[in-house]
Amino acid sequence: MQTIAGIHYNFSLPASFWERYKDLNKHSGTLQPYISESYFSLIRNAQRFGWLPLLLFGNSTALDQSFISTPNSALSKLGKSTLCAPKGTSLRMSSIGYQNSAQSEMHICYNTLESYILSLNHAISTSDPNYEKLGLYDSNGEQ
């Protein structure tokens, strides 16, 4: 589901960077826990400021009317088949854009590696009643 939402990236910094960075911050512990703590700090900051790339690069106040099934009073007609939100910022990330309410219930914790693993395990092993109702089907549509 996430693959349709936009860009995704993975990155890692070389050990030589972390050794120097740890020294600059006068951290006395071992290197690997320091690297993990630092990456989780980066993740928390990315989440805190995640709205900024959307504001700068994901703005789209217009969409084709075929993307919505019911009239929306907040949108104005713009041309033949285009609707827009004149004072909007990003329809894609609004209630008529990409959303997954099931993910809002997951509560993934990025404070430590241990809390991340525990919360991710919980999210993976918790079933969603809406998906359970759908059931499993093969390529022929048979259950």
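Cys-109 comes out as partly exposed, at 23% relative accessibility, whereas Cys-84 is buried at 10%; here buried means under 20% relative accessible area, exposed over 50%, and partly exposed in between, with a 1.4 Å probe and protein chains only. The structure has zero disulfides, a disulfide being a pair of cysteine sulfur atoms within 2.5 Å. This is a predicted model, where local features need pLDDT of at least 70, side-chain atom pairs count only at pLDDT 80 or more, and totals for chains, interfaces and linings use all residues. Residues are numbered from 1 along each chain as its sequence is written, and side-chain values use heavy atoms, with hydrogens and water left out.

Next, helix 2. Spanning residues 31-48, helix 2 has 18 residues and reaches 26 Å from first C-alpha to last, close to the 26 Å expected at 1.5 Å a residue (1.5 Å times one less than the number of residues). Helices are DSSP runs of H or I, at least four residues, and strands are runs of E, at least two, numbered from the N terminus. The buried residues of helix 2 are Tyr-34, Ile-35, Ser-36, Ser-38, Tyr-39 and Phe-40. Their cover includes helix 1 (15-24) and helix 4 (113-125).

Lys-26 sits in the loop between helix 1 and helix 2 and is exposed, at 73%. His-107 lies in the loop between strand 3 (82-84) and helix 4, and is exposed too, at 60% relative accessibility.

Key. Contact means heavy atoms within 4.5 Å.
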